[in-house]
Amino acid sequence: MKRLLHLDKLTWALLALMALMLFLLGYLLSIDRDIAGYTFYQEKIRAMRLLDKEFDNFLLQKIEAQNYEDINRKLVRFEKLLDYFEKQNLASEYGPRSLTLLHRIKKRYAAKRHAIERFKSDNAAALNSIHYLFDLRRTITEDRSLPQPILKRIDAIMFKLMQLIVGLHPSTASLEASLEAYRRAIAPSNHLYLHYFLKHSLNLMESFKQLTATSLKGRRIPLESAIQAFGKRIATVYEEKIATEKRIALLFFVLSFAMLVAIFFLNRRERRTYKRLQAFMYAVENSDNTIVMTDPQRNIVYVNELFEKTTGYSKEEAIGQNPRILKSGEQDESFYAEMNATLDAGKKWEGVFINKRKDGSLYYEKASIVPVYIDGELANYLAIKLDITEYVEQRNRLRLAATVFDNAQEMIMITDRNNRFVSVNPAFTTVTGYSEEEVKGQTPGILKSGRHDDAFYEKMWERIEKTGKWHGKIYNRIKSGEVIPGWLTISAVYDDKGEVLNYIGMITDLREIIDSQERAEYLAYHDIITGLPNRARFEEHLFHALEVAERNENALAVLFIDLDRFKVINDTLGHDIGDLLLKEVSNRIRAVLRKSDMLARIGGDEFVAVLETIRSAEDAAYVCEKILKNIAQPYRVGNNTLNVSASIGVALYPDNGTSLTELIKNADNAMYLAKSLGKNNFQFFMPELSRKMHRRLEIEQGLIHALENREFYLVLQPQYHLLYRSVEGAEALLRWKSESLGIVPPDEFIAVAEETGRINEIGRFVFEEACAILKRFDHEGLGLDTIAVNVSSKQFTQRDLPDIFHRIALTHGIEPGRITLEMTERYIMDTSSYDGTILARFRELGFRISVDDFGTGYSSMSYLKELPIDTIKIDKSFIQDIPEDSSDKEITKAIIALSHSLGYKTVAEGIENEAQERFLVESGCLIGQGYFFARPLPVEEFAGFLRRHAKASK
């Protein structure tokens, strides 16, 4: 137990993760069991619904000899399903409501079974009456004594009875009149068979009425709705439960992931700690400093190799001893008392020792001693000491030359043989900002600017080692961060043995000299007023950009920007105001461009921009639009408020040229085109592309406020029965009448709405309007049963789209089954591979799904049959050339036949003449839409259209 409590954090985290993963595995298995149980329940519910359909089919089979054993078996099977659900613990799993719904099913099933039993009895009686009447008729006809008129009446009655039974003549008035005439005709006769025939004919008619009533009553028992409600309750509770379980599982997953991340960072931290310890040990062993560690009693427990070399004592001789073995006696006891007091207080001590080696020689050591605490307790003292003997001696010698370099104008720095600063003069401190104390013990590396690579310094030191001298231009970074140029001369100072004692460096500040040179270079390539690159620098940059674009097969754009009416401002207010305005204009253009794009001023009020690595002309158009908008904002220059606009010409590489000259010339020509079209606009070198870009931008801007301004409206095109020419429904089509653009065709604005993301709010508007139209037509009694609404594939990015549409439909009091959602065939196919759940959800909520433009998406009918759809709409491209195009005729026939075989409703669109309509009827397609019947109509006109058709049908 004690060992367990001392486990490290990483081990604890791993154990916790294992426990969490095991719990998560068990929880996922329970979810899997719930899913399997729900699937089994739904299979049983579907079986109950199918059996209910079989019951209704049985009740439709009137006056037929039937095998009642089959229906009895289905009744028994239904009762077994009921019994199965009664034995389940539904209340605990799906709530008391599920039991209530199950009892409703039982009650309605009992009523339907009673109706079936009554139907069997009535059907048997009716069949017996029919057989008896046929036998009686045969007997009567064999009697030669009966007059022919009587026999003809009997045949007529039998014929009408058969018509009534098979449903060819649903009215019984004619039959009753015939029977009454027959009764009067045979009244004088005492022929029993004739009176029997009358009596049994009346009985058969009454039996048939009773049988029909029983059938209708049985089929009207809402067993199906009760089963649906029960299934929906099971599904709703299951979905809520699964959603909760998923959230819990996700929480466990997130916790597992968080723990995994924590383990990763704990492991990473331990590895870093281990590496740091290894690095520390390596650094200690190979340090240029003497390292000594003592215990709390100040007895040596560790020394590094340099200690042995410096002091002459071996590790074995030193360990266990007190550092006083190095005491020289050159420093009084107060020095050591102050050191010990600082260390006893738990503080760091720094100072210089004059120590004595084992051989008795003296040496200087700069020391830093730190108390080491572990878990709040003093564990060790760590001393890091540097042998500064040579440094002290050199300092003494250099002090003699201090007067010489203290007053020098050049920066002078003196380093030891290890290239560590010994001294610097006041000029060095003034220029670099580093004090002498800050640089002592440091190397000149603190001045490294990063502008010279390692090879530069290697060559420099190679030269110094060979000749003892080096000079050259160098860039140094001073304390403020500024990089300054200087001329550095380094000389080595040797002792009598030829060993290096010091290095003396002298730096001359070159800033003033270089500034004047760089200023001249800057003016050669930049505009004085705006600070932008000038024409020379622009052409140089564009030439290089074209080389890169050609190599990488990228596109780029050249924008020629010319200010409108600038000359008036310049001549009226003066060049000073004009120059300030040019600066502000350049800033506004620069704010639009990317850092990688170039902007240059190449003339009085002419600017040129280079847009590198653009993807399309639309990118260039977007930038131009923003530049024009920025430039057009009012300017406050001095006491003046100025307004100015610009004209922009655009040339694209490689479409409008591949050379520098071509692109500039073509951009300039496009700019003059923009000027001629009224200014304050942009034009591409290709006029057609320019018009296209402007049109798209106008549509994009118009869409922003189109809904708010109520510019959208719906038109309706009827879908009709090709035989009876009755209206079966309508398709809602969106139209846009813009205040600024006029009528905009859907094929122009729908794509832009999809690209800009506005299709979601527009699609919702269309659906709400369609529901409102249905509600209005219901209120006016116009009898429009269904309406079809097109849904863009982009709308399916909304995962809750089915529920949104469902709420809208219910708000307007519209049954979802009256709304058909039309989606393109291509999207339906894509949906099958990644998001069929949305279509399934639509179907679950009661909506109907239609595949629009069928035949253009290359779908497979064998795959299509697996999708939750109801209707196939044959694309008008197959209809428009019928009957001339035999291939289209065969394709259309095949689509109709396959659709019927799969149980789909077929609708043909684009019917424009009688021949097309006749061909579709002959091929089995009875629903269509097109100009031959009616064009798309505004809502009011469509209402009048419905009224006229209603009157015509009467």
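Author: Gladly! Let us start with pLDDT, which is the predictor's confidence in each residue, from 0 to 100. This is a predicted model, and the protein chain averages a pLDDT of 83, with 89% of the residues scoring at least 70.

Reader: Which elements of the protein chain have the lowest and the highest mean pLDDT?

Author: Helix 1 (residues 2–5) has the lowest, at 46, while strand 21 (residues 787–790) has the highest, at 95. Over residues 1–6 the pLDDT stays under 50, and there the model has 2 contacts beyond four places in sequence.

Reader: Why is N502 called buried?

Author: Buried means under 20% relative accessible area. N502 has 6%, so this residue counts as buried. Its place is in strand 10 (residues 500–509).

Reader: What makes the pair of N502 and T415 a polar contact?

Author: The cut-off for such a pair of N or O atoms is 3.5 Å. A polar atom of the N502 side chain lies 3.1 Å from the backbone oxygen of T415, and that distance is within the cut-off.

Reader: And how do you know that F919 is buried?

Author: The same test works here: the limit is 20%, and F919 has 7% relative accessibility, so it counts as buried. F919 is found in helix 33 (residues 914–923).

Reader: Which residues is F919 in contact with, leaving aside neighbours within four places in sequence?

Author: Those are I882, K889, T892 and K893. As for I879, its C-alpha is 9.7 Å from that of F919, and the two are 40 residues apart in sequence.

Note on methods. Residues are numbered from 1 along each chain as its sequence is written. This is a predicted model: local features need pLDDT of at least 70, side-chain atom pairs count only at pLDDT 80 or more; totals for chains, interfaces and linings use all residues. Side-chain values use heavy atoms; hydrogens and water are left out. Helices (H or I, at least four residues) and strands (E, at least two) are DSSP runs, numbered from the N terminus. Contact means heavy atoms within 4.5 Å. Buried means under 20% relative accessible area, exposed over 50%, partly exposed in between (1.4 Å probe, protein chains only). A polar contact is a pair of N or O atoms within 3.5 Å; within protein, one must be able to donate a hydrogen and the other to accept it, and residues adjacent in sequence count only if both atoms are side-chain atoms.
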